Amino acid sequence: YLHRELHDMHGFDCLVGESREMQKVYQRILQVAPTDSTVLITGESGTGKELVARAIHAHSQRRDQAFVAVDCNSLAESLLESELFGHVKGSFTGAIQTKRGLFEVANGGTLMLDEIGNLSMETQGKLLRALETKRVKKVGDTTERDVDIRLISATNRDLSEMVREGAFREALARLGLEAL
């Protein structure tokens, strides 16, 4: 009942708060949701960055399509490329069948990458290419596939500082044009 009431009042299912700061967050969500802009959400761990991403998706034109969230910390670097882009059968030990990646699963919808600041430079480069070309290639495949996703990323790290230190690609940091 409470969730329904909050949704009716604010249009934000799981976000709670009426402070001036939260009102600014709600306004910013409503501002970026109808666009197809890549969004970067920053904030301390546990502040609800994924809830904000879900609210953006829920108010977007992609709301009837998939919302796929992945924590970049939860996967080993060696598996992350396969998870994001998929793989073909036999492309590596243990690849017993062809698998769709999260870009394909989220096709038409929203892909949320939590803790994007923890990606290796190599994975950042592959992610940047996929976002720029709107195409992905599975691990071990020779053909690319078109994908149409909206990327929402989140981090508790200072990406501009990471860019200065050479630990994050500037071009990828600039894709988060709509910072929240």
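Among contacts in the protein chain between residues at least 6 apart in sequence, 69% join residues at least 24 apart; contact means heavy atoms within 4.5 Å. This is a predicted model, where local features need pLDDT of at least 70, side-chain atom pairs count only at pLDDT 80 or more, and totals for chains, interfaces and linings use all residues. Residues are numbered from 1 along each chain as its sequence is written, and side-chain values use heavy atoms, with hydrogens and water left out.

**Whole chain.** Show the cartoon. The secondary structure comes to eight helices and nine strands. Both are DSSP runs numbered from the N terminus: helices are H or I with at least four residues, strands E with at least two. Now colour by burial. Buried residues make up 40% of the 180 residues in the protein chain. Buried means under 20% relative accessible area, exposed over 50%, and partly exposed in between, with a 1.4 Å probe and protein chains only.

**F103.** Select F103, in helix α5 (residues 102–105). Its relative accessible area is 1%, so F103 counts as buried. What is in contact with F103, leaving aside neighbours within four places in sequence? Show L84, F85, L111, L127, A130, L131, V136, V147 and I149.

**The ring pair.** The structure holds one aromatic pair. Rings of Phe, Tyr and Trp (its six-membered ring) pair if their centres lie within 6.5 Å; planes under 30 degrees apart count as stacked, over 60 as edge-to-face and the rest as tilted. F85 and F103 are stacked, at 5.3 Å centre to centre and 25° between the planes. The pair links distant parts of the chain, with F85 in helix α4 and F103 in helix α5, 18 residues apart. F85 has a relative accessible area of 4%, so F85 is buried too.

**α4 against α6.** Select residues 77–85 and 121–133. These helices, α4 and α6, pack at about 10°, with their axes 11 Å apart. Therefore α4 is roughly parallel to α6. Angles under 35 degrees count as roughly parallel, over 145 as roughly antiparallel, 65 to 115 as roughly perpendicular and the rest as oblique. Axes are lines fitted to C-alpha atoms, for helices over the stretch in contact, and angles run from 0 to 180 degrees between N-to-C directions.

**α3.** Move to residues 49–58. Which residues of helix α3 are buried? K49, V52, A53, A55, I56 and H57 are. Their cover includes α2 (20–32), β1 (39–42), β2 (67–71), β5 (110–114) and β8 (150–155).

Select E115, in the loop between β5 and α6. E115 has a positive phi of about 60° although it is not a glycine. E115 is buried, with a relative accessible area of 8%. Next, select K134, between α6 and β6. Phi of K134 is also positive, near 60°, in a residue other than glycine. K134 is partly exposed, at 49%. Finish at T143, in the loop between β6 (135–137) and β7 (144–146). At 40% relative accessibility, T143 is partly exposed. T143 touches V136 and K137, not counting residues up to four places away in sequence.
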